[in-house]
Amino acid sequence: MTVFYCAKCGTALTGDLVALPAVPQVDDPDDGRDAKTGRARSTVPNGHYAIDPEPWGAPFVVADEPRRLVHSGGRELLRVASTGVTLSAGWRDSFVVHPEDVLPRLEPFELGNNWLGCCGPTGAHGPNLACCCGSRLATWAADCMGPNELHLDPVRVYAWNENGPADSQ
């Protein structure tokens with residue numbers, strides 16, 4: 001069991017969570033989508049977390065080579081079209097948690113368009129959740145056209161389990 005804490009003030013951000021070996025695959029992003037809110041089911045089940053080794057979220061950079069369009073895997077962030085193909089240059093090794101495991105402890109941090117979305121935040125414009133101390137440490141994507149994922153910044157949070165500091169790798 002692992003608990004995540006704010007690195008700035010030490011506030012517990014989650015209760016005990018169980019590690020998953022990898023971020024679960026999203027076969028059909030519309031399967032289980034809530035009819036009322038339009039939100040997809042969470043990528044990570046309640047009470048669990050996973051480490052995402054791939055870059056995720058803002059900033060986005062222009063790709064070196066054009067990529068062929070492939071069917072969405074359900075984890076891509078909805079972004080306003082830009083010139084050229086872009087790729088995430090965001091956090092690697094972020095902690096992906098179920099939104100309900102952390103949202104009661106975080107506050108929306110709305111700056112400019114980082115909360116933009118018709119039914120919820122897109123997550124494409126950077127961190128949009130902060131600890132009570134003001135540290136911007138999480139990005140939540142929950143708009144009706146994208147995934148429902150909450151990523152904790154691996155630099156601004158730390159994980160602790162019954163044996164001491166949890167390994168982030």
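In the predicted model, the side chain of Glu-149 makes a polar contact with the side chain of Trp-56, at 3.5 Å. Glu-149 lies in strand β10. With a relative accessible area of 0%, Glu-149 is buried, since burial is assigned under 20%.

Strand β10 comprises residues 149–152 and runs antiparallel to β9, to which 4 bridges join it. Across this pairing, Trp-140 stands opposite Leu-150 of β10. Strand β9 also pairs with strand β8 (residues 129–130), again in the antiparallel sense, over 2 bridges. Here Leu-129 has Ala-138 of β9 as its bridge partner. The strands β8 and β9 form a hairpin in which 5 residues lie between them. Within that turn, Gly-134 has a positive phi of about 100°.

The order of elements from the N terminus is accordingly β-β-β-β-β-β-β-β-β-β-β-β. Of the 169 residues in the protein chain, 42% are buried. The chain exposes about 9,200 Å², and 54% of this area is supplied by carbon and sulfur atoms. Among contacts in the chain with a separation of 6 or more, 66% are between residues 24 or more positions apart.

The interior was examined next. In soluble globular proteins, nonpolar side chains tend to be buried together. The largest nonpolar core in this model has 20 residues. Phe-4, Leu-13, Leu-137, Leu-150 and Leu-152 are the residues with the most contacts inside this core. Two or more residues are given to the core by each of β1, β6, β9, β10 and β11. The largest share comes from β9, which provides 3 residues.

Phe-4, one of the core residues named above, is buried at 0% relative accessibility. Apart from its neighbours within four places in sequence, Phe-4 is in contact with Thr-11, Ala-12, Leu-13, Thr-14, Leu-17, Tyr-49, Phe-95, Leu-152, Val-157, Tyr-158 and Ala-159.

Aromatic pairs were then considered. A pair of aromatic rings is described by the distance of the centres and the angle of the planes. The model contains 4 aromatic pairs. One of them is formed by Phe-4 and Phe-95, with 4.7 Å from centre to centre and 55° between the planes, and is tilted. Phe-4 lies in strand β1 (residues 2–6) and Phe-95 in strand β6 (residues 94–97), so this pair ties together parts that are 91 residues apart in sequence. Phe-95 has a relative accessibility of 3% and counts as buried.

A further pair joins Tyr-5 and Tyr-158: the ring centres are 5.3 Å apart and the planes lie at 20°, so this pair is stacked. Tyr-5 lies in strand β1 and Tyr-158 in strand β11 (residues 157–161), so parts that are 153 residues apart in sequence are tied together. Tyr-5 counts as partly exposed at 22% relative accessibility. Tyr-158 is likewise partly exposed, with a value of 34%.

Two features of the backbone remain to be described. Most residues other than glycine have a negative phi, and most peptide bonds are trans. The peptide bond from Ala-58 to Pro-59, however, is cis, with omega near 0°. Pro-59 lies in the loop between β3 (48–52) and β4 (60–62). Asp-93, a residue other than glycine, has a positive phi near 60°. The loop between β5 (86–88) and β6 holds Asp-93. At 18% relative accessibility, Asp-93 counts as buried, because the cut-off for this class is under 20%.

Definitions and conventions:
Residues numbered from 1 in each chain as written. Predicted model: local features only at pLDDT ≥ 70, side-chain atom pairs only at ≥ 80, totals over all residues. Heavy atoms only, no water. Buried < 20%, exposed > 50% of the residue type's maximum accessible area, 1.4 Å probe, protein only. Contact = heavy atoms within 4.5 Å. Areas by Shrake-Rupley, 256 points an atom, 1.4 Å probe, with all protein chains shown as cover. Pairing = 2+ DSSP bridges. Polar contact = N/O pair within 3.5 Å; in protein donor to acceptor, adjacent residues only side chain to side chain. Phe/Tyr/Trp six-rings, centres within 6.5 Å; stacked < 30°, edge-to-face > 60°. Core = buried A, V, L, I, M, F, W, Y, C linked by side-chain atoms within 4.5 Å.
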